[in-house]
Amino acid sequence: VQHNGQQHAISPWQNATHLVVVAGHSVFVGTDLSGPDAESETSWSLLGYQRGQLTWFIDHIKEGVRRALQDPHSLLIFSGGASRTSAGP
């Protein structure tokens, strides 16, 4: 796209009309999200009260992805991030 004589890339989400937000309950600190490591509590920076809830967190992630895939005009956002010092950068 050209604007004021300059070429600008088109944002892949500029046509998004729906926002799908998944709350960031924890930070993945493992090495392989595609394998069994993803479902191991040792691969997540969990607080004491979150132990035993990982399946619930993963279900939220899967549901966010499912809903985003249903709507080509959606943008999937995972809130939070590496907000715990112990989880690393």
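Predicted model: local features only at pLDDT ≥ 70, side-chain atom pairs only at ≥ 80, totals over all residues.
**View 1. Helix α1 gives the largest share of the lining of the largest pocket, four residues.**

**View 2. The largest pocket holds about 450 Å³ of space.** Its lining is made of 20 residues, and those closest to the centre are Phe 28, Leu 33, Trp 44, Ile 61 and Phe 78. If you like to sort a site by residue class, the lining has 12 nonpolar residues, along with six polar and two charged ones.

**View 3. Phe 28 and Trp 44 form an edge-to-face pair.** The model has two aromatic pairs in total. In the pair shown here, the ring centres of Phe 28 and Trp 44 are 5.2 Å apart and the planes meet at 70°, which is over the 60-degree cut-off, so the pair counts as edge-to-face. Phe 28 belongs to strand β4 and Trp 44 to strand β5 (residues 44–45), so the contact ties together parts that are 16 residues apart in sequence.

**View 4. Leu 19, Val 21 and Ile 77 make a nonpolar surface patch.** The patch covers about 270 Å². One of its members, Val 21, sits in strand β3, which spans residues 18–22.

How values were computed: Residues numbered from 1 in each chain as written. Heavy atoms only, no water. 1 Å grid on protein atoms, 1.4 Å probe; cavity = no way out; pocket = protein on both sides within 12 Å on 5 of 7 lines; lining within 4 Å. Points joined across faces, edges and corners; volume = space filled by probe spheres on them. Helix = DSSP H or I, 4+ residues; strand = E, 2+ residues; numbered from the N terminus. Nonpolar A, V, L, I, M, F, W, Y, C, P; charged D, E, K, R; others polar. Patch = residues over 30% accessible without salt bridge, like charges linked within 9 Å, V, L, I, M, F, W, Y side chains within 5 Å. Areas by Shrake-Rupley, 256 points an atom, 1.4 Å probe, with all protein chains shown as cover. Salt bridge = Lys/Arg side-chain N within 4 Å of Asp/Glu carboxyl O. Phe/Tyr/Trp six-rings, centres within 6.5 Å; stacked < 30°, edge-to-face > 60°.
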